[in-house]
Amino acid sequence: MTDIAATASPSTQTTTLPARLAKGFVDRLVIIIPYLWLLFFFLVPFIIVFKISLSQTAISMPPYTPVLDFSDGISGFFAGFRELNFDNYTWLTQDALYFNAYVTSLVIAGISTILTLIVGYPIAYGMARAPATIRPTLLMLVILPFWTSFLIRVYAWIGILKPEGLLNQLLMSLHIISQPLVILNTYTAIFIGIVYSYLPFMVLPLYSSLEKMDYSLVEAAEDLGCPPIGAFWKITFPLSLPGVVAGCLLVFIPAVGEFVIPDLLGGSQTLMIGKTLWNEFFSNRDWPVSSAVAVILLLVLIIPIMFFQQAQAKAQEQGR
Amino acid sequence: MIRKALWLSATSVFLTLFTAGGRAEDRVVNVYNWSDYIDSSIIDDFTKKTGIKVVYDTFDSNEILETKLLAGGSGYDVVVPSANFLARQIQAGVFQKLDKSKLPNISNMWDVISERTAKYDPGNEYSVNYMWGTVGLGYNVKKVTAALGTDKIDSWDVFFNPDKLAKLKDCGVYVLDSPADIIPAALKYLGLDPNSTSPDDIAKAEEALLKVRPYIRKFHSSEYINALANGDICLAIGWSGDVFQARNRAEEAKQGVEIGYSVPKEGAQMWFDQMAIPADAPHVADALEFINYMMTPEVIAKSSNYVLYANGNKASQQFVDKAILEDTAVYPDAETIKKLYTVKPYDPKTQRVITRTWTKIVTGQ
């Protein structure tokens, strides 16, 4: 926060003191807004969910107890507060189901992210190297699928992948296969669905980092005798790394909690954390346990990302 | 900038107050019902007759409705949960008792149905039946005949007998992703009490279901409508009305897909969708008037003719289309009705066992 205020100050040096103060206030305001946003739309909901995760389920409205409020005065609030405990978290460790669901979700999201990167990188690279005149059109084409509902696009894959679907009809009419391939309701279908749905989230950050790259560096490497593949791995890829990281996080994080794609394209045997949450929340009507599942999921995602950011910040500092 | 924002929000507060004040003059009823579950002309007729405006909103799963009700302050005046959900919601204090003096049409109701709904709502104090149906077998007539050599599907045996279901594996079997509908069916097939909550009985049901699990393509509670209609699958355990919808869609598509529905002879579970008024409903008097109107024989018959479900209104039967009234899949004969069973809602502990058992059956874990 102070950093930006400091860099902003030289330009305001010539103005009067009140004007400078006003400018400083506006600068701070600009920074405060995202923090307020985080506070209201992330931290407050998280605290509510965390509180529910420490409660017990009850047949009432809302379906958990205690409900913390100040209607009985401060003492009532604290009496309720003392009833909170970590039983629901202990419960999660007692059944291997939850652990397996977390692991399955992480593995599926991890594989999907790698596949999305493999598919997305050449697309982004091609876009970045395309003539500047057609780049806006290419960008438009990447964004265009968002104009159709996500649900409809996932549903369309059912029509493509099912045994009598378009893909099997095509392959069979070309005599490549004689028996229809079973793809729908398998893990393969989930991977296809995730890669397809999240591809733009991978391509856009990759494109923006590749587009900024100075290609004279690659030319220099080639002039000095480095083969194109070597130049790619030694120069292009490391320079695009921020884009790779941003793209991977944008795909990986929502994919872990994905519910719709495994529900529609996956088989019933797929046990992902989204479905486990749904079961706890809707079938068991156990808001406290489902909140505990959600809190753990958040920790599973946030802790590695925080470590990663710290490492990146350190690397950047050393780079200077 | 800030001043402008304040000014804007002050204006909007003022406008909200003003419009809310204006609305209180008009009579309104906020109805929350299942999707595709009413002939919309009924709503127009109601408004014409009473001057009460109907704000009609729809949901597609009991769970969604329940979550809104339990969170409180839904703003709905009439909601239509299924009876087993209703029972638990009554316990949670979600609903208010109906003022029967405002519901003269209640004399039209059918005792056969009211007796059974009273198991969920003792004395029918909180709710009135809208439609009811069964959980049974929906099937693709041609594909099942080809696989089994008969189109006579009248028993749970076709599903729970692994030898028979194995023959249907390749053409596709879907099952409701709803343990409260499937586990009682398994218990009934095994000759046990479908209402049993004993862990031993539930384990036996689990065993029976695991035996046929390899032949089930998917557990899902709505996809089977399209899958049946498109001819993608040949057997589904589903709700009667959904299967009729699949049958109609298949007929409209004219692709030669013919869908049948059967109520298994061993007995099948009945479900009931009940009209009820939330405890915090803003327009109670209008809600009662709406519910009373829905119990008018001609009105509810019109609804049945449109949605193809049986209703719980005896007096309406003379106005129901003959084809529907005589279709034993919609209105089972008296003999079959005797064999239909109802399942009481599970207590939280049993619910946990049931959900866990179900996860094991569905995912193998």
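1. Lys254(B) is found in the loop between α12 (240-253) and β8 (259-262) of chain B, and its phi is near 50°, a positive value in a residue other than glycine. Because Lys254(B) has 7 C-beta neighbours inside 10 Å, it counts as exposed (buried means 20 or more other C-beta atoms within 10 Å of a residue's own, exposed 12 or fewer, and partly exposed in between, with C-beta atoms placed from the backbone). The model is a predicted one, in which local features need pLDDT of at least 70 and side-chain atom pairs count only at pLDDT 80 or more, while totals for chains, interfaces and linings use all residues. Residues are numbered from 1 along each chain as its sequence is written, and chains are lettered from A and ligands numbered from 1 in the order in which they are written.

2. Asn124(B), in the loop between α5 (111-117) and β4 (127-140) of chain B, also has a phi near 50°. With 19 C-beta neighbours inside 10 Å, Asn124(B) counts as partly exposed. Helices and strands here are DSSP runs, H or I of at least four residues and E of at least two, numbered from the N terminus.

3. In chain A, a cis peptide bond with omega of about -10° joins Met61(A) and Pro62(A), and Pro62(A) is found in the loop between β1 (56-57) and β2 (64-65). A cis peptide bond also joins Thr65(A) and Pro66(A), with omega of about -5°, and Pro66(A) is placed in the loop between β2 and α3 (73-82). Most residues other than glycine have a negative phi, and most peptide bonds are trans.

4. Helices α10 (residues 199-212) and α17 (residues 348-363) of chain B pack at an angle of about 20°, with their axes 10 Å apart, which means that α10(B) is roughly parallel to α17(B) (angles under 35 degrees count as roughly parallel). Residues of α10(B) including Ile202(B) and Leu209(B) meet residues of α17(B) including Val353(B) and Ile361(B), where contact requires C-beta atoms, placed from the backbone, to lie within 7 Å.

5. The contact between the chains takes 19 residues from chain A and 22 residues from chain B. On the side of chain A that touches chain B, α5 (96-129) and α14 (273-283) each supply at least two residues, and the largest share, three residues, comes from α14(A). Among the buried residues of α14(A) are Ile273(A), Lys275(A) and Glu280(A), and α14(A) is followed by Arg285(A), whose phi is positive, near 55°.

Key. Axes fitted to C-alpha atoms, helices over the stretch in contact; angles between N-to-C directions. Parallel < 35°, antiparallel > 145°, perpendicular 65-115°, else oblique. Contact = placed C-beta atoms within 7 Å.
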